[in-house]
Amino acid sequence: MESHAFYLDLCLQCAWREQLQTLPNPAVAALVLDKWGAILSIEAHKESGKPHAEVLALQKAYAKLSGDSAILSLQEPHAIHRYLLQFAIPYFKDSIIYITLEPCASAKCGKTPSCATLLKALCPKCVVIGAQDPNKNAKGGTQELIEAGISVIKAWEIESLRTIHDKAIALLEPFRLLQENGRVVVFKYASRLDGSIDGGQISTRVTQSLMHNYRTKADVLLISGKSVREDNPTLDTRFATLRHRNPNVVILTRQVDFPRTAPLFAIPNRRVDIVNTLPPLRGFVFCEGGAGLLASMQDEIDILLVMLNASFNSGAKLTMRLQREFQLLHSMQSNDDILLWLMPKRYSKWEK
């Protein structure tokens, strides 16, 4: 079972790279091993409406096993499914497939075809699954595989895989919150190693591009009036690698008659609301700001994303004075930045 935990952990690391970018879908990754235990592919779901992780992993694995690279030119989910069903069935009977989340069921597929249907047809030797799907409209794929006679290892039923199952559940938190509460509020907080947040751009361009990707998926981008006055921001998605969709903006401020002079007001196809009290929040709300906004928003935050840049600034002020405990969901590196995904400890399921 140690090897199962190792390969599922590789999948989880891969899936976290796409976190938030797949909303309103969950972040998911899949890995395919050949009959000798070599990794053929490891892939993650990239964006809602695009191929699921299992499909991408099987697509690449089939190309390696068969030498048929024509499949790699396909990008549309249904086209890849059809190609695999037509040509790939003999190639996976000795393979093991790892998935962080159970495959979507046959009767409950949405924009993309059912991964359970595809896996049943390919009939791998074994499928190892990290977590059950919390979405009632997609769950049931695990049982379908079992009923089709495929060996399935469920991490939540095996004591030695309990830790990796907990990690697979942690990966699903943004998706679960959006499903259950109709909203997920993520606060991005950037600082240097000494805690300083002033003195200009903190994060690297690679991380900045990632944050702009998050903006493209946000229903609302929330920022403080102080940040608008001091930074004069555009709040667009010019560095995004995903489709450049600019989110609506909410500016939270105590100032009456807030000036509409910042560049953000000139961005087309967006709404900008200026509010003195926090309105009801729905959908994916991405907050960007400093210590003041974080302190005022702390009871609304579902996930705190702290970005630590590997630098110090002797001339900057240490301004964070928040009294709050968090549970670490995940940490990862982005260029010279460390990203910490934190959840407030009011979510009792994560308290130890």
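The side chain of Asp302 comes within 2.8 Å of the backbone nitrogen of Val185. The model described here is a predicted one. Its largest pocket holds about 1,400 Å³ of space, and its largest nonpolar core counts 89 residues.

- Asp302 is placed in the loop that runs between H10 and strand S11 (303-309).
- With a relative accessible area of 3%, Asp302 falls under the 20% limit, and Asp302 is therefore classed as buried.

**The largest pocket**

- The volume of the largest pocket is about 1,400 Å³.
- Of the 43 residues lining the largest pocket, Ser227, Asp231, Glu288, Gly289 and Gly290 are the closest to its centre.
- Two or more lining residues come from each of these elements: strand S6 (183-192), helix H8 (205-217), strand S7 (220-224), helix H9 (225-231) and helix H10 (291-297).
- Helix H9 gives the most to this lining, with 6 residues.
- By residue class, the lining of the largest pocket comprises 18 polar, 13 nonpolar and 12 charged residues.

**Nonpolar cores**

- Nonpolar side chains tend to be buried together in soluble globular proteins.
- In the largest nonpolar core, of 89 residues, those that touch the most other members are Leu58, Tyr98, Ile251, Leu264 and Trp341.
- Beyond its neighbours within four places in sequence, Leu264 is in contact with Val228, Pro233, Thr234, Leu235, Val249, Ile251, Arg270 and Val272.
- One of these contacts of Leu264, Ile251, is also listed among the core members that touch the most others.

**Thr142 in helix H5**

- Helix H5 spans residues 141-147 and contains Thr142.
- Thr142 counts as buried because its relative accessibility is 5%, under the 20% limit.
- Once neighbours within four places in sequence are set aside, the contacts of Thr142 are Glu102, Ile129, Val152, Lys154 and Trp156.
- With Glu102, the contact includes a polar one between the two side chains, at 2.9 Å.
- Val127 and Thr142 are separated by 15 residues in sequence and by 9.1 Å in space, taken from C-alpha to C-alpha.

Note on methods. Residues are numbered from 1 along each chain as its sequence is written. This is a predicted model: local features need pLDDT of at least 70, side-chain atom pairs count only at pLDDT 80 or more; totals for chains, interfaces and linings use all residues. Side-chain values use heavy atoms; hydrogens and water are left out. On a 1 Å grid over the protein atoms alone, a cavity is a set of points where a 1.4 Å probe fits but cannot get out, and a pocket is an open set with protein on both sides within 12 Å along at least five of seven lines; lining residues have an atom within 4 Å of a point. Grid points are joined across faces, edges and corners, and a volume is the space filled by probe spheres set on the points. Helices (H or I, at least four residues) and strands (E, at least two) are DSSP runs, numbered from the N terminus. Ala, Val, Leu, Ile, Met, Phe, Trp, Tyr, Cys and Pro count as nonpolar, Asp, Glu, Lys and Arg as charged, and the others, Gly among them, as polar. Buried means under 20% relative accessible area, exposed over 50%, partly exposed in between (1.4 Å probe, protein chains only). Contact means heavy atoms within 4.5 Å. A polar contact is a pair of N or O atoms within 3.5 Å; within protein, one must be able to donate a hydrogen and the other to accept it, and residues adjacent in sequence count only if both atoms are side-chain atoms. A nonpolar core is a set of buried Ala, Val, Leu, Ile, Met, Phe, Trp, Tyr and Cys residues joined through side-chain atoms within 4.5 Å.
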